[in-house]
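Okay, hi everyone, let me put my structure up on the screen.

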Amino acid sequence: MPRIHLVVSEPDRTRYAAAARREGLTLSAWLRAAAADRLDHHADSEPFRTEDDVWRFFADRDAEMGCGTEPDWEQHLDVMRASRGRGAART
């Protein structure tokens with residue numbers, strides 16, 4: 001198995017070793033797991049290559065949120081006007 005030499009500060013080494021002990025792992029196993037978690041977390045964060053990629057990204061986020069289309073600007077203004085009117089003195 002290849003070896004990697006890693007240079008870290010003493011406080012970081014202490015923190016990493018303590019975390020490894022808490023999880024019942026060696027420091028080496030803990031560092032491998034941390035690296036694997038980071039790779040898994042960023043696995044689908046490819047840069048956009050085309051405009052279609054950008055549109056697909058936002059369509060996917062909309063689908064995840066489960067919400068419909070956003071109200072148009074006039075609807076936003078109506079909500080703001082109604083909010084300002086609530087509690088105002090009617091003189």
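Here's what I'll go through: helices first, rings after that.

Quick housekeeping: this is a predicted model, where local features need pLDDT of at least 70, side-chain atom pairs count only at pLDDT 80 or more, and totals for chains, interfaces and linings use all residues. Residues are numbered from 1 along each chain as its sequence is written, and side-chain values use heavy atoms, with hydrogens and water left out.

So, helices. Helices here are DSSP runs of H or I with at least four residues, numbered from the N terminus. The span you'd expect is 1.5 Å times one less than the number of residues. Take H3, residues 51–65: with its 15 residues, it reaches 22 Å from first C-alpha to last, close to the expected 21 Å. After H3 comes Gly 66, with a positive phi near 70°.

Now H4, residues 73–85. Its 13 residues should span 18 Å, and the end C-alpha atoms are 18 Å apart, so that agrees. What caps the N-terminal end of H4? That's Asp 72, with a side-chain oxygen 3.2 Å from the backbone nitrogen of Glu 74. H4 is followed by Gly 87, which has a positive phi, near 85°.

On to the rings. How many aromatic pairs does the structure hold? Three. Rings of Phe, Tyr and Trp (its six-membered ring) pair if their centres lie within 6.5 Å; planes under 30 degrees apart are stacked, over 60 edge-to-face, and the rest tilted. Phe 48 and Phe 57 have ring centres 5.4 Å apart and planes at 65°, so they're edge-to-face. Phe 57 and Phe 58 are edge-to-face too, because their planes sit at 80°, with centres 5.1 Å apart. Those ring pairs link Phe 48, Phe 57 and Phe 58 into a cluster, and Phe 57 lies in H3.

Phe 48 is at 45%, so it counts as partly exposed. Phe 57, at 31%, is partly exposed, and Phe 58, at 46%, is partly exposed as well.

Technical notes. Helix = DSSP H or I, 4+ residues; strand = E, 2+ residues; numbered from the N terminus. Polar contact = N/O pair within 3.5 Å; in protein donor to acceptor, adjacent residues only side chain to side chain. Buried < 20%, exposed > 50% of the residue type's maximum accessible area, 1.4 Å probe, protein only.
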